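Q: Please take me through how to read domains, the contact between them and a nonpolar core.

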Amino acid sequence: MASKHAWKVDLVPWDHSSPEHVERMYDQRVACGWRADEVASWVEYAKKGGRIFYWVLFSDALPDREVLLKKHVEDYPKEAQPLRDTAPEIRLVPREPTAKEFIPIGHVALDIHSAEDDASLGLPSPGTVWIHGLYISYALQGGGYGTGAMSKVEALAAQEPMNATTTALDTVSKETVDDPDIVRALNEELTSPVTSKEGWYRRQGYEVYKKGIGYTFRTKAGRSIDLIVSYMRKTLG
Ligand SMILES: CC(C)(COP(=O)(O)OP(=O)(O)OC[C@H]1O[C@@H](n2cnc3c(N)ncnc32)[C@H](O)[C@@H]1OP(=O)(O)O)[C@@H](O)C(=O)NCCC(=O)NCCS
């Protein structure tokens, strides 16, 4: 069932061939605090038809959108310029871009992992679509836009050509944020304090089916921190 917040947002595909889209993705990852250094590799995946990002934007139906966008741009002046919907393809499938201008308030990605990887996690393959990299501007969090974006991206995953029956994701576990040494080390590096969104994803209907070291964070001083992540899944439909 669609979330009560779904009407608030729309999704527009990231154009990995547009320097403006790539720069905005980098700026939003810096603001998010995680994985800005991976943007160049996401361009390469996208060129091969791999992981595809979508911008999250306010829907035309949202009454306060101009006021809210002003709040976002005040906090993130680098994001003041609108982008245009220019992506000519999604996962190598041609589409007709609308050329419409928009200011993205965040982003989220869909991906299909190898059948072996999914099988090793006990996930159905085909049928599992992964959701990665969800971010909503810190200036706008708590307004239902993250929930709305999840609802919209799950609906996309369930459609042709992905036909998901299950969506999967991983996220920093509660255990990670209970470890004071890890929290101290991460907070020295991140632009915002580390939190676990496990409870938030449970509210979106996800269940934890496994925990394990899922990501190695490298500090500027050269320390490698293995982070325990929660692997979560949701059956669609
Ligand atoms: C996670 C994130 C996308 C959430 O976006 P958001 O727009 O702030 O979330 P929403 O406003 O849609 O959430 C609102 C709902 O979640 C509930 N909620 C908020 N925090 C919660 C928590 N810790 N546990 C459970 N529910 C929570 C609210 O009560 C509200 O419920 P309602 O829909 O019934 O009213 C956002 O915080 C973010 O981008 N964080 C930084 C990046 C990040 O951590 N990404 C996820 C890592 S995998």
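Q: Which domains does the domain assignment of the chain give?
A: Domain bounds come from an automatic or database domain assignment. Here the assignment gives domain 1 (1-164) and domain 2 (169-237). This is a predicted model, where local features need pLDDT of at least 70, side-chain atom pairs count only at pLDDT 80 or more, and totals for chains, interfaces and linings use all residues. Residues are numbered from 1 along each chain as its sequence is written.

Q: How many residues does the contact take from domain 1 and from domain 2?
A: Two residues are in contact if their C-beta atoms, placed from the backbone, lie within 7 Å. By that rule, 15 residues come from domain 1 and ten residues from domain 2.

Q: Which elements each supply at least two residues of the side of domain 1 that touches domain 2?
A: Helices (H or I, at least four residues) and strands (E, at least two) are DSSP runs, numbered from the N terminus. The elements are α1 (19-32), β8 (128-136) and α5 (145-158). The largest share, four residues, is from α5.

Q: Which residues touch the most other members of the largest nonpolar core?
A: A nonpolar core is a set of buried Ala, Val, Leu, Ile, Met, Phe, Trp, Tyr and Cys residues joined through C-beta atoms within 7 Å. Buried means that 20 or more other C-beta atoms lie within 10 Å of a residue's own, with C-beta atoms placed from the backbone. In this core of 43 residues, they are Y54, V56, V108, A149 and V153. Strand β2 (residues 52-58) gives the largest share, seven residues. Domain 1 and domain 2 each contribute at least three residues to this core.

Terms used. A residue is buried if 20 or more other C-beta atoms lie within 10 Å of its own, exposed if 12 or fewer, and partly exposed in between; C-beta atoms are placed from the backbone.
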